[in-house]
There are 2 protein chains.
Amino acid sequence: MGATYGQFCPVAKAMELLDERWTMLVVRELVSGSERFNDLRRGVPRMSPSLLSKRMQQLVRAGVVERVQTGSDVRYVLTQAGHELLPVVEAIGTWGVRWIGEIGDEDLDPQLLLWDMHRHVDHDAVPSGRTVISLRFTDVAPSTRDWWLVVDDGAVDVCDADPGFPVSVSIETGLRRMTEVWRGDVSWQAALRARTIEVRGPERLRRALPTWFTWSVFAAVARPA
Amino acid sequence: MGATYGQFCPVAKAMELLDERWTMLVVRELVSGSERFNDLRRGVPRMSPSLLSKRMQQLVRAGVVERVQTGSDVRYVLTQAGHELLPVVEAIGTWGVRWIGEIGDEDLDPQLLLWDMHRHVDHDAVPSGRTVISLRFTDVAPSTRDWWLVVDDGAVDVCDADPGFPVSVSIETGLRRMTEVWRGDVSWQAALRARTIEVRGPERLRRALPTWFTWSVFAAVARPA
DNA sequence: CGGTATCCCCGTCGATACTG
DNA sequence: CAGTATCGACGGGGATACCG
């Protein structure tokens, strides 16, 4: 486990677990709904699998998750203690979105962005049948420029290669701008007006597009004046 | 600054600052009202002064505190961003007090306990004039057994040597038990009934004693069944 | 899919002493 | 009171490869 502080204070005891590198991000993934090892990995791609493995064991020992194995299927299921970390994640994210404004170029990651968007698709809002959203990031290397979100019957796939289906709506913008909009630093409408996001497709879909996502709770947090 | 995560997520950006060792405890001290370097030290006695110094510089750079020097007087004053870390500290402490039940022997520290009690004295509740509370921890080495809290005119002093004033009320108990009561794991009344805390002095003062402290917010947090 | 094993480096932290 | 200076150890964690 992490190093101890030698303090009885509840904050200190909690931080002995939570202040270790990556731990809070793994918890974020868990409270966001990921249960499987490789899904968790997609949320923390820069973390080595061995370290993720170690962290999961620590979280099991701490009583935050339970490792549930059914045959060959392994899932990490939040316990009551784990669910109660949601307010902690929310408090930290709320503070972060208000006070850590500067996003460095190294924080921009199309794969991570798509992965986050993919789990915030509101299936009740997306038209029935297959809906394909294409994204083109104009300011990145060709290999990570084009992405597709394929929404079909309650499932969402992230593709970095053309899945071949007809595209319903296409988005063209900069990765930084798209990230800012996703975080709520810039509103969708403002970006459209400024023409820093271009959307193509039938007007009905273009208008509906922003409602297809249940935007992150942090996107709605008021920013300091 | 701390290592980066390469993620645009507000939680990740916040944790780049907050997950470094000791940082959250220093923030706890700051939101608890400490403003001076040596007061902060008393709240994190196991932290080396050089590391505290480094952390303070990081917190200044991050915009959490402002270093205000007036002549030779130096104070670290919370900014708006700093004040807004209070909900984070509360969320973490609330989780910690519910789910990290086991307090190791190495987490027990009479000096830290007295320092925490000292800043939770409710001056409106304590009788006017000088009030002296003596504490004796029956289960620790003689050198850290006896303590005094001297409350006088809005000021509180922690003494590890007899200040010589007449004692108003004396408390005799184990350090672990006193810590449990202070954290709210055990109620004052229950400890009295179980005779694991003995209080001596005039009955009026004995009864009033628990009201002299504004107990930590975490003490009131409901524990899991 | 769901992890382990290994290796090694670098940076953090702890300890201690000292200063204006 | 409010810090700096120095130094060394250790171990966390990054990278990579591999396994059932």
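In this predicted model, a side-chain N or O atom of A:Arg21 lies 2.6 Å from a phosphate oxygen of DNA strand D. A:Trp22 also has a polar side-chain atom by a phosphate oxygen of DNA strand D, at 3.1 Å. B:Ser50 meets another part of the DNA: a polar atom of the B:Ser50 side chain is 3.4 Å from a base nitrogen of DNA strand D.

In total, 18 residues lie around DNA strand D, and those that come nearest are A:Arg21, A:Arg55, B:Ser53, B:Arg67 and B:Tyr76. Of the atoms of DNA strand D that come within 4 Å of the protein, 79% belong to sugar and phosphate. Both chains take part in this surface: α4 of chain A and α3 (37-43), α4 and β2 (73-78) of chain B each supply at least two residues. Sorted by class, the surface near DNA strand D has six nonpolar, six polar and six charged residues.

DNA strand C is surrounded by 16 residues, and the closest are A:Arg36, A:Asn38, A:Ser53, A:Arg67 and B:Arg55. For DNA strand C, sugar and phosphate make up 79% of the atoms that come within 4 Å of the protein.

| Residue | DNA strand | Distance to a phosphate oxygen |
|---|---|---|
| A:Ser53 | DNA strand C | 2.2 Å |
| B:Arg21 | DNA strand C | 2.9 Å |
| B:Trp22 | DNA strand C | 3.2 Å |
| A:Arg21 | DNA strand D | 2.6 Å |
| A:Trp22 | DNA strand D | 3.1 Å |

The elements with two or more residues in the surface near DNA strand C are α3 (37-43), α4 (49-61) and β2 (73-78) of chain A, along with α4 (49-61) of chain B. The most comes from α4(A), which gives four residues. This surface holds six nonpolar, five polar and five charged residues.

The next topic is the interface between the protein chains. Here 55 residues of chain A are in contact with 55 residues of chain B. Together the two chains bury about 4800 Å², of which 70% is on carbon and sulfur atoms. On the chain A side, A:Tyr5, A:Phe8 and A:Trp95 lose the most area to chain B, together 18% of what that side buries.

Four salt bridges are counted between chain A and chain B. One of the salt bridges joins the side chains of A:Lys13 and B:Asp107, with 2.7 Å from N to O. On the side of chain A that touches chain B, the elements giving two or more residues are α1 (10-18), α2 (23-31), α5 (80-83), α6 (86-99), α7 (110-118) and α8 (175-183). The largest share of that side is from α6(A), with eleven residues. By class, the side of chain A that touches chain B has 33 nonpolar, eight polar and 14 charged residues.

How can chain A be laid on chain B? A turn of 180° with a shift of 0.0 Å along the axis does it, at an RMSD of 0.0 Å. The two copies are therefore related as by a two-fold rotation axis. In chain A, the C-alpha nearest this axis belongs to A:Asp19, at 2.2 Å. Both copies use the same surface, as 100% of the contact residues of chain A recur in chain B.

Technical notes: Residues are numbered from 1 along each chain as its sequence is written. Chains are lettered from A and ligands numbered from 1 in the order in which they are written. This is a predicted model: local features need pLDDT of at least 70, side-chain atom pairs count only at pLDDT 80 or more; totals for chains, interfaces and linings use all residues. Side-chain values use heavy atoms; hydrogens and water are left out. A residue is near a molecule or strand if one of its heavy atoms lies within 4 Å of it. A polar contact is a pair of N or O atoms within 3.5 Å; within protein, one must be able to donate a hydrogen and the other to accept it, and residues adjacent in sequence count only if both atoms are side-chain atoms. Ala, Val, Leu, Ile, Met, Phe, Trp, Tyr, Cys and Pro count as nonpolar, Asp, Glu, Lys and Arg as charged, and the others, Gly among them, as polar. Contact means heavy atoms within 4.5 Å. Buried area is the accessible area (1.4 Å probe) that two parts lose on being put together, summed over both. Copies are superposed by least squares on the C-alpha atoms of residues with pLDDT of at least 70 in both.
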